[in-house]
Amino acid sequence: MLVFDKNNLDKQKALTELIEGGGVIAIKDVYSQNQIKEAREIVNQHADTQEQKETHFNAEADDCGKINLQQRVWNLFGKGEVFSDIITEDIIFNLMSTFLGTEFICGSYCASRLLPGALGQELHLDYPYWDFYKEETFPMGLNSTFPQNCQGAIPLDDCSELSGATAYCPGSQKKLHYPTKEDDKSNIKQMLGKPGDLVFFNGNTWHGAMPNKSSHQRAVLLIEFLPKYVKPVEELLSYLDEEFLKNCSERVRQLLGLNYHYPKKMDSSKMTNDIGLGYKAKN
Ligand SMILES: O=C(O)CCC(=O)C(=O)O
Ligand SMILES: [Fe+2]
């Protein structure tokens with residue numbers, strides 16, 4: 001895993017690593033311990049009191065009756081201002097604007113909490129989506145030569161070998177293939193990190209939560225970043241009230257896809273002809 005300091009980030013090297021290298025980078029100490037503490041308290045409060053929410057790649061835990069040890073808190077935009085602050089960090093916008101285009105969006109924003117004894121997940125890829133094992137449902141010729149996704153991960157607890165730091169297979173993003181039992185995963189590593197670090201990984205990379213064998217919880221914030229034209233996995237808008245949408249920053253509006261109008265109700269929209277270079281020249 002290529003690791004940078006916050007003030008010493010080589011952008012080109014970082015983005016190349018995500019496509020052509022190991023597929024994972026980390027930037028140390030991006031967030032203050034106060035921000036992390038606040039985010040962690042909110043995540044824990046929800047995870048402790050809500051009913052068990054949907055999660056994924058946990059067939060083994062389900063079979064053993066341990067699924068309740070793997071918890072999710074979804075749609076963090078609506079769960080406290082600190083989550084808008086965290087996701088609009090300059091480093092994220094600087095890197096993702098080049099990687100995915102300046103109008104990139106957020107397709108999911110959740111927390112993944114493993115309690116002690118949690119079994120972890122099967123190795124998988126996040127993009128082009130969790131069901132890529134149904135390969136025939138995706139276009140022919142699909143490949144991973146250019147980025148159509150990037151995952152962000154922010155540890156809220158110590159992510160160590162023992163506590164179940166997310167595992168990944170360096171370089172596997174280049175294959176664009178859903179990992180099966182037959183695949184060689186012998187170069188497996190873990191995304192070790194401390195609260196306040198910011199990790200990015202190519203969503204094509206084989207990865208998954210590992211068992212939490214420590215005596216403490218392991219929570220991370222997980223973010224899906226997408227180019228503006230890709231359909232998100234999480235429907236974020238309908239949970240957010242008018243007040244939130246009125247007051248949110250320009251960056252949050254962009255992340256929620258509010259600045260990009262497709263798919264549009266063409267039949268009932270007011271006539272605005274503004275698409276094409278001809279119109280661009282007039283503006
Ligand atoms: O919690 C983790 O370590 C990883 C979670 C993950 O990969 C996912 O939810 O798709
Ligand atoms: Fe994943």
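By class, the shell around ligand 1 comprises three nonpolar residues, four polar residues and one charged residue. The model is predicted. The residues around the ligand are S112, D126, T166, H207, G208, A209, V220 and L222. Two elements each give two or more residues to this shell: β9 (207–208) and β10 (218–226).

Strand β9 also belongs to an open sheet of three strands. The order is β7-β6-β9, and the pairing is antiparallel. Strands β7 (189–190) and β9 form the edges. Each of these edge strands pairs on one side only. Strand β6 covers residues 167–168 and is joined to β7 by two bridges. These two strands run antiparallel. Within this pairing, Y168 has K189 of β7 as its bridge partner.

Helix α2 spans residues 33–49, a run of 17 residues. From its first C-alpha to its last, α2 reaches 24 Å. This is close to the 24 Å expected at 1.5 Å a residue. Four residues of α2, namely I36, A39, R40 and V43, are buried. They lie on the same side of α2, because they cover an arc of only 100° around the axis. On the other side of the helix, N34, D48 and T49 are exposed. The buried residues of α2 pack against several elements: β3 (70–73), α4 (81–87), β4 (105–114) and β10.

How values were computed. Residues numbered from 1 in each chain as written. Chains lettered and ligands numbered in written order. Predicted model: local features only at pLDDT ≥ 70, side-chain atom pairs only at ≥ 80, totals over all residues. Near = placed C-beta within 6 Å. Nonpolar A, V, L, I, M, F, W, Y, C, P; charged D, E, K, R; others polar. Pairing = 2+ DSSP bridges. Expected span 1.5 Å × (residues − 1). Buried ≥ 20, exposed ≤ 12 C-beta atoms within 10 Å, placed from the backbone. Arc of directions from axis to C-beta. Contact = placed C-beta atoms within 7 Å.
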